[in-house]
Amino acid sequence: MAPKLPIYFDHAATTRCDPRVVEAMLPYFSEKFGNSSSRNHKFGWESEDGVEHAREQAAALIGANPKEIIFTSGATESNNLAIKGAAEMYAKAPAGQTGRGHIISAVHEHKAVLDPCKRLQREGFDVTFLEPGTDGVITADMVAAALRPDTILVTIMWANNEIGVINEIPQIGKLCHDKEIVFHTDATQWVGKMPTDVERDHIDLLSWSSHKIYGPKGAGALFVRRRKPRIRLEAIIDGGGHERGMRSGTLNVTGIVGFGKACELCQHEMEHERERLVKFRRKLETELSKRIEVTQVNGHPEKRLPHLTNISFGFVEGESLMMGVKDIACSSGSACTSASLEPSYVLKSLGVGDELAHSSLRLSLGRWTTEEEVDYAIEQIVAAVQHLRLMSPLFDLHKEGIDISKIQWQAH
Amino acid sequence: MAYSDKVVDHFQNPRNVGSFGTSTDVAKRTDVGVGIVGAPECGDVMQLHIKVNEQGVIEDAKFKCFGCGSAIASSSLATEWLKGKSVDEALTIKNTQIVEELSLPPVKIHCSVLAEDSIRAAIADYRKKNGIVADSATHAATH
């Protein structure tokens, strides 16, 4: 049976709100519209109850105490608060000076981590950006080798948003706890998909987002550890002192209620969903690699998220490939799909050549993905690659046995 | 960003895809001019083959392209425009005409530039093989 088109294979970008989430949110738009900070009437209490229930649901998903959850507008804000807030709080010298402390991150982090780190670099902190190996994994050994006596913060994402590769987070957390260094992880692509326990995994600060886990956009959270050790942060948004003074501003009650419900649903459905999606992802990877020559799955073969794969198809360019698979909504690491003319910096960091980086597709599956959709996508991708290879001068050279990396191209 | 209908049409039904032989074959043919411009690491490579008759008219043109939809459409359109033109007329084709015909957005102008470059490169190759020295006007236009 043909699936309904177009097929959505871009769940790493955002997800559809689960209808059960929407249902939970609806009363908070209308009858329960109060400000959760209004302490003296029923409207305020109702909203506060909604928020506090969501706090419990969010905390439960990651093995935290509800008091350790700070609601934000999403993972970008959580990352900014965690990184800038911890750096300012644990700085070794006051603002305006250099040598304020050392931070460790990685070159293939999301921009929402890289850019706060780069700002801190300009403000007197030293930052080491670790480079992954060809498998894309950041290991505890890499972090250990970069540690300095003045290291104050380590921020490493749990799983990469472009390639789905999973870093050695529990081991890095253990290392940081042993050395008494604050450890933050951007877990946007991880939480809700994989079991998370901030106690077992030694996390001090953890960011995640609602809209990646079937909740509404504009909501998210930062876990801030309260004991062993107690982590303190310098706020970046000042005002009415909401969220224990760490994030002022009237709470987005409807968004938070939806986020909480989304967390609860993920906790219950994660295991079943993961098994289903791993099977689909493997089918995509196996079939496409089998049917199309010179195909490469980017990143570590095993240490990967269940629902995300990044595949390069040699000799075809990513944007034209996406045009060829117009019934499949997905992403590409090609330069042409971004504002800059550089191909994906994540793929480049793995040593994937520029040419193969231009030729990549990111396919990310989700809660409503069906096997029919997977089968349809395989057929459409195979057909599109064949169509484009008939037109590709590079594929001709490959067939003639000429190594295109050895040709002197006239770059423009 | 949505593509114009003409880009989509050229992408789905590219005109004149192909070549007049392998890279080794066409290197030996004096009636064929070969232009290959761009680089894989930049995300676009255009290959243009023109077949020129004894009167100096482009009888046939074939392209191959590794690149985005706009690059494919630009090279496909270029082959349509080249057929039947004399070599000198072909050199008057400007990238701005391609931009206009395909309604390319500013971010895709480089695709049209690449198409113009491939025409110039193919003609230069044809002239070199036949010992034709370009007159100063056309020479000045190459870059």
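**Conventions.** Residues are numbered from 1 along each chain as its sequence is written, chains are lettered from A and ligands numbered from 1 in the order written. Because the model is predicted, local features need pLDDT of at least 70 and side-chain atom pairs count only at pLDDT 80 or more, while totals for chains, interfaces and linings use all residues.

**Domains of chain A.** I looked up the domain assignment, whose bounds come from an automatic or database source. For chain A it gives domain 1 (7-12 + 270-398) and domain 2 (19-266). I found their C-alpha centres 29 Å apart. Between them, 23 residues of domain 1 of chain A are in contact with 22 residues of domain 2 of chain A; contact here requires C-beta atoms, placed from the backbone, within 7 Å. On the domain 1 side, helix 7 (253-291), strand 10 (308-313) and helix 9 (345-349) of chain A each give two or more residues. Helices (H or I, at least four residues) and strands (E, at least two) are DSSP runs, numbered from the N terminus. I noted 8 nonpolar, 10 polar and 5 charged residues on that side. The classes are Ala, Val, Leu, Ile, Met, Phe, Trp, Tyr, Cys and Pro as nonpolar, Asp, Glu, Lys and Arg as charged, and the others, Gly among them, as polar.

**Chain A against chain B.** I counted 25 residues of chain A in contact with 25 residues of chain B. Helix 8 (318-324), helix 10 (354-357), helix 11 (371-391) and helix 12 (393-399) of chain A each supply at least two residues on the chain A side. Helix 12 of chain A gives the most, with 4 residues. By class, the chain A side has 13 nonpolar, 6 polar and 6 charged residues.

**Cys65(B).** I placed Cys65(B) in strand 3 (residues 58-66) of chain B. Cys65(B) counts as buried because it has 32 C-beta neighbours inside 10 Å; the cut-offs are 20 or more other C-beta atoms within 10 Å for buried, 12 or fewer for exposed, and partly exposed in between, with C-beta atoms placed from the backbone. Leaving aside neighbours within four places in sequence, its contacts include Met391(A) and Pro393(A) from chain A, and Met46(B) and Ala71(B) from chain B.

**Helix 3 and helix 5 of chain B.** The axes of helix 3 (residues 69-82) and helix 5 (residues 95-102) of chain B come within 10 Å and cross at roughly 110°. That makes the two helices of chain B roughly perpendicular, a term for angles of 65 to 115 degrees. Axes are lines fitted to C-alpha atoms, for helices over the stretch in contact, and angles run from 0 to 180 degrees between N-to-C directions. Residues of helix 3 of chain B in this contact include Ser70(B) and Leu77(B), and those of helix 5 of chain B include Ile98(B) and Glu101(B). I sorted the contact residues into 5 nonpolar, 2 polar and 1 charged.

**Backbone checks.** The Leu5(A) to Pro6(A) peptide bond is cis, with omega near -10°. The bond from Lys228(A) to Pro229(A) is also cis, with omega near -10°, and Pro229(A) lies in the loop between strand 8 (220-224) and helix 7 of chain A. Phe315(A) has phi near 75°, a positive value in a residue other than glycine. Phe315(A) is buried, with 25 other C-beta atoms within 10 Å. Ser103(B) has a positive phi near 50°, but counts as partly exposed, with 13 C-beta neighbours inside 10 Å.

Notes
Parallel < 35°, antiparallel > 145°, perpendicular 65-115°, else oblique. Contact = placed C-beta atoms within 7 Å.
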